[in-house]
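Let's take a friendly walk through a protein model. Keep the sequence and the 3D view at hand as you read.

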Amino acid sequence: MASAEQGEASAGRIVWMDKPYSREEIESILDPLVREWFFSRFKDFSPPQRFAIMEIHRQNNVLVSSPTGSGKTLAAFLAIINELVILARNNMLEDKIYCIYISPLRALSNDIERNLQVPLAEIYELAKKKGIKLQRIRVAKRTGDTTASQKSSQLKKPPHILITTPESFTIALSSPKFSQLMAQARYVVVDEIHSIAENKRGSLLSLALERLEAKAQNSFVRIGLSATIHPLEEVAKFLVGFEEEGLPRHCKIVDVSFEKRIDVEVLSPVEDLIYTPTEVMHEKLYQLLDKLIEKHTTTLIFTNTRSGTERVVHHLKTKFKDKYAELVEAHHGSLSREIRLDVERKLKEGKLKCVVSSTSLELGIDIGYIDLVVLIGSPKSVTRAIQRIGRSGHRLEDVAKGKIVVLDRDDLVECVVMAKNIRERKLDKIHIPTNTLDVLCQHLVGMSIERGWKVEEAFSMIKRSYTFHNLSWEDYMAVLRYLNGEYVQLEERNVYAKLWFDEETMEFGRRGKMIRPIYYLNVGTIPEESYAKIYSADKKSFIGMVEEEFMEKLTKGDRFVLGGKVYEFLYSRGNKGYVKLVEDAKPTVPSWFSEQLPLTYELAQDIGRFRFEMRSLLESGADKPYIIRHLMEKYKVNRVTAEAIYNYFREQYDYLFVPTHAEVLVENYMDELGRQNIIFHTLVGRRANEALSRAYAYALSRYKRCNVRIMLNDNGFALILPRDVRVDPHLVVELVTSDNLEEMLRHALEGTEILKRRFRHVATRSFLILRRYGKREKSVARQQVNAEMLLKLIKRIDPNFPLLKETYREIMEDAMDIKNAKLFLKDIEAGRKRFVIKDSVELPSPFALNLVVLGSTDAVLMEDRRELIKLFHHQLMKRLGGEVS
């Protein structure tokens with residue numbers, strides 16, 4: 001447990017920089033060649049450069065948070081390039097690695113290679129003109145694409161700057177010779193650190209950095225580059241790790257993320273979000289998109305799903321054939337690398353009018369100049385919205401311009417609150433997974449390949465990593481025992497020991513020669529999803545991927561959209577589908593597996609506060625014109641938007657009760673099938689809602705001895721009982737407490753698809769299941785079968801088996817949000833929040849409509865849901881005596 005003194009010391013070690021260095025101070029440290037090159041390209045140092053260059057020169061750890069186009073990459077590299085040029089000028093450049101640059105994306109590492117090679121080439125050109133002889137500074141990549149011969153030449157002539165990914169960096173640490181070269185590095189740059197820290201790649205990297213630190217002759221300088229993220233203090237600790245005494249290493253934080261101005265506006269394609277017919281809404285949406293694209297040079301549109309991306313591209317190309325046939329493209333993770341690179345190239349060269357993406361262009365790949373970002377639907381997070389909108393106006397002095405297009409009333413309220421938070425830079429909190437035992441398995445095996453270890457020495461080093469700082473000795477020992485093969489029953493399933501561990505001498509090390517290739521072939525944290533590859537039948541060229549389940553349903557002649565083009569299915573061979581391109585044909589869009597982006601806890605709470613503000617205005621007796629004026633002024637919305645919000649809240653207020661962040665409405669409603677629906681208006685974010693809903697459903701099903709269905713969305717959840725079962729909602733709300741939540745949730749997860757799938761992910765990460773062995777590769781389908789057999793066996797052997805424990809932790813902490821779910825229940829118990837139960841509601845309230853239609857058997861398609869909402873709303877308005885459109 002950290003003491004108060006440690007907390008104060010910790011605060012003193014993570015220091016916010018508030019005073020930039022002067023141009024003269026920075027110039028004074030630059031080699032004349034570097035100085036002349038820099039000012040031949042740029043007028044002055046940008047804000048992140050003003051803060052960071054001198055600190056890196058002084059060998060201080062630095063975290064730089066700044067928007068796209070602010071020069072943060074050069075802020076990291078200029079001091080390093082400068083040092084290498086000084087050494088090269090004096091013929092002192094050695095055959096060793098000086099800098100390791102780690103990027104989450106191979107595409108990003110391609111960008112950096114170009115962005116480094118160009119400045120270096122220009123500096124060499126300048127030196128040549130001046131008759132100055134410089135040793136050659138080498139830059140090279142080491143990723144999954146690097147060939148054996150390239151790796152061999154890197155050993156003989158190591159790059160002075162190595163570009164790599166978290167996975168390749170981790171693998172290289174166990175390479176006997178190359179790891180010695182990496183141990184000489186003076187600098188490690190981690191780019192897009194926010195996107196690495198928030199998942200298990202962050203756990204992999206965090207401990208890999210500590211392993212490098214343990215090997216290094218001297219401590220290296222750690223440089224983190226991040227887009228807008230919060231809280232920066234935690235990301236800084238993630239970057240630098242901890243010292244032996246348990247205090248974080250020193251780090252300077254450079255935060256210039258607020259330097260760039262953002263112009264954000266919430267738009268709806270229609271005035272009436274309830275009664276406008278679906279086909280009219282659809283038509284108006286594309287007219288609005290066309291208008292926005294027309295008015296700007298290059299527009300980047302974000303949808304929240306790959307299927308949404310495909311749909312938007314298809315409709316833009318078919319509705320506006322003359323304008324956009326060749327000028328609009330799709331960009332998402334299921335398209336082939338060649339297609340994605342081609343789209344990025346066309347964007348940079350200004351050959352496209354618009355690109356539509358799901359999430360693949362959120363990271364800082366250089367895509368040239370974008371002057372407008374359009375978000376279709378809420379991105380569910382203020383931070384994500386800022387990162388997406390920040391892709392426009394590539395220079396720091398440009399205004400980042402974003403339009404958020406909403407298609408229903410919940411989205412409207414959510415995005416209006418989000419837009420205000422964007423203007424005020426009120427960010428969501430990053431979730432960094434910790435104590436990931438499957439990732440620990442990978443590192444312990446990698447460490448055993450390097451050398452023999454004393455168990456306590458290794459434990460001490462592991463705990464210096466941010467993500468394993470609170471690792472318990474019990475969990476550590478349990479993982480070592482599993483890797484040592486102490487669960488002999490697993491050998492029946494061909495699971496064998498991966499290292500040796502002697503509990504008498506308290507040492508561990510490598511077990512056999514085959515462990516090295518097993519480790520190299522199976523390292524990584526990104527789970528394999530099951531996709532089928534689609535090829536063109538005539539050219540046999542790769543087009544993209546669809547889910548295997550989707551391809552199984554295809555029959556000859558079926559047409560679907562991929563990469564914004566329509567293809568006709570012809571035949572399949574194994575896991576490959578062959579198609580032909582068809583023009584002017586109506587498609588069936590693929591139902592991509594794409595988890596909905598979850599509403600964040602912080603934004604959900606702010607929506608609750610907005611509801612409180614609106615309820616207070618209505619309770620005060622303020623008239624409609626006053627409230628509309630208030631909304632327009634405070635939330636920067638137009639009259640139509642303000643009126644839509646007012647009407648929504650007025651209906652809810654008049655009909656039932658307006659729930660807030662502190663008062664949680666529970667509606668007891670009987671649906672058209674005679675089923676009892678208990679609707680919780682819990683604004684705690686989707687991940688916490690999922691944890692609460694599963695726990696309540698389990699507790700209720702056990703209490704009433706029946707199956708309870710769950711309906712879930714961002715704003716709450718509904719428990720649906722069988723027709724002949726009734727229960728008092730006052731009893732239901734007391735079934736789950738902060739003390740029994742975890743136990744209830746664990747029981748609720750038994751036998752679920754999420755448990756089976758997440759166990760497979762954990763099993764492959766921890767070498768319980770080998771994805772690759774020698775030249776053989778195990779299919780995802782085979783992995784899943786093995787995982788389910790092993791899961792049954794492990795539950796019998798030991799319910800506290802470390803990998804089972806990790807599976808539950810991953811589901812409850814990473815996929816769900818048990819922390820904030822528990823906080824919600826504690827607030828209820830302490831009286832800081834309260835349930836407001838409304839019994840025997842004849843119709844669901846306006847705020848409940850989106851949730852209720854999810855549970856309706858009549859609403860399969862989005863169009864059906866809209867029709868059902870219309871029907872409910874019509875009945876509600878008749879009850880309220882209002883006008884019906």
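Predicted model: local features only at pLDDT ≥ 70, side-chain atom pairs only at ≥ 80, totals over all residues.

Start with Arg464, which sits in the loop between α20 (455-462) and α21 (473-483). Is Arg464 buried or exposed? Its relative accessibility is 16%, and the limit for "buried" is under 20%, so Arg464 counts as buried. Its side chain makes a polar contact of 3.5 Å with the side chain of Ser460. Beyond its neighbours within four places in sequence, Arg464 is in contact with residues that include Glu210, Phe242 and Arg249.

Now move to Asp475, which is found in helix α21. Asp475 has a relative accessibility of 15% and therefore counts as buried too. If neighbours within four places in sequence are set aside, Asp475 is in contact with Leu437 and Lys805. From Asp475 to Val736 the C-alpha atoms are 28 Å apart, while the sequence separation is 261 residues.

Here are the two residues side by side:

| Residue | Location | Relative accessibility |
|---|---|---|
| Arg464 | loop between α20 and α21 | 16% |
| Asp475 | helix α21 | 15% |

What about the nonpolar residues? In soluble globular proteins, nonpolar side chains tend to be buried together. The largest nonpolar core here has 92 residues, and Leu444, Tyr476 and Phe508 touch the most other members. Not counting residues up to four places away in sequence, Leu444 touches Ile462, Tyr476, Val479, Leu480, Leu483, Leu499 and Phe508. A second, separate core has 57 residues, among them Ile370, Val406, Cys415 and Leu617.

Note on methods: Residues numbered from 1 in each chain as written. Heavy atoms only, no water. Helix = DSSP H or I, 4+ residues; strand = E, 2+ residues; numbered from the N terminus. Buried < 20%, exposed > 50% of the residue type's maximum accessible area, 1.4 Å probe, protein only. Polar contact = N/O pair within 3.5 Å; in protein donor to acceptor, adjacent residues only side chain to side chain. Contact = heavy atoms within 4.5 Å. Core = buried A, V, L, I, M, F, W, Y, C linked by side-chain atoms within 4.5 Å.
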